[in-house]
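Try each task before you read its solution.

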Amino acid sequence: MKYLVVDDSKMARKMTIKSLQSLINEDDEIIQAENGQEAVDLYKEHQPNLCLMDLTMPIMDGFEATLNIRSFDNDAKIIIISADIQETSMEKSKQNGAIGFIKKPVNNANLEAMLKKLGLI
């Protein structure tokens, strides 16, 4: 399987990848993007099985990137990982096509529960 991890913070990407690696197979591929535009471009090129997306990023935020990816692939599986846990942000993420929302910093148990709930592990 392929996973796309999107966050402008290198440290946040590392933390998310570390949590993800503890749950997936060694052969699975993890691709990284630093902003929403790069995420859209990499999604179109690699079509990962799952995208873990931050909301607040330069160039293109996670809301717009989610919308763009879902307009390209209506079956795209996108989980938002963000410190912005306002209800309006969660609702907008859902409206744009995100299938889940996890609060930062990523907690292994929360990520595992979300992936199991969605049938991804």
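This is a predicted model: local features need pLDDT of at least 70, side-chain atom pairs count only at pLDDT 80 or more; totals for chains, interfaces and linings use all residues.

Residues are numbered from 1 along each chain as its sequence is written, and side-chain values use heavy atoms, with hydrogens and water left out.

**Exercise 1. Work out the order of the strands in the open sheet.**

Solution. Start with the elements: helices (H or I, at least four residues) and strands (E, at least two) are DSSP runs, numbered from the N terminus. Two strands pair if DSSP finds at least two bridges between them. The five strands then come in the order β2-β1-β3-β4-β5, with parallel pairing. Next, look for strands that pair on one side only: these edge strands are β2 (29-33) and β5 (100-103). Finally, zoom in on β3 (residues 50-53) and β4 (residues 78-82), which three bridges join; here Met53 stands opposite Ile80.

**Exercise 2. Find which strands helices α2 and α5 lie across.**

Solution. Take α2 (residues 36-46) to begin with: this helix lies across β1 (2-6), β2 and β3, at about 150° to β2. Then turn to α5 (residues 108-117), which lies across β3, β4 and β5 and runs at about 170° to β5. Both angles are taken between N-to-C directions, on a scale from 0 to 180 degrees, with axes fitted to C-alpha atoms, for helices over the stretch in contact (heavy atoms within 4.5 Å).

**Exercise 3. Identify the residues that touch the most other members of the largest nonpolar core.**

Solution. A nonpolar core is a set of buried (under 20% relative accessible area, 1.4 Å probe, protein chains only) Ala, Val, Leu, Ile, Met, Phe, Trp, Tyr and Cys residues joined through side-chain atoms within 4.5 Å. The largest has 21 residues, and Leu4, Val6, Met53, Ile69, Ile78 and Ile80 touch the most other members. Helix α2 gives the most to this core, with four residues. Another core, of 16 residues, lies apart from it and includes Val5, Leu23, Ile79 and Ile102.

**Exercise 4. Decide whether Asp54 is buried or exposed.**

Solution. Locate Asp54 in the loop between β3 and α3. Its relative accessibility is 4%, so Asp54 counts as buried. Beyond neighbours within four places in sequence, its contacts include Asp7, Asp8 and Lys104. UniProt lists Asp54 for "modified residue: 4-aspartylphosphate" in an unreviewed entry; such annotations may be inferred rather than shown by experiment.

Note on methods
Buried means under 20% relative accessible area, exposed over 50%, partly exposed in between (1.4 Å probe, protein chains only).
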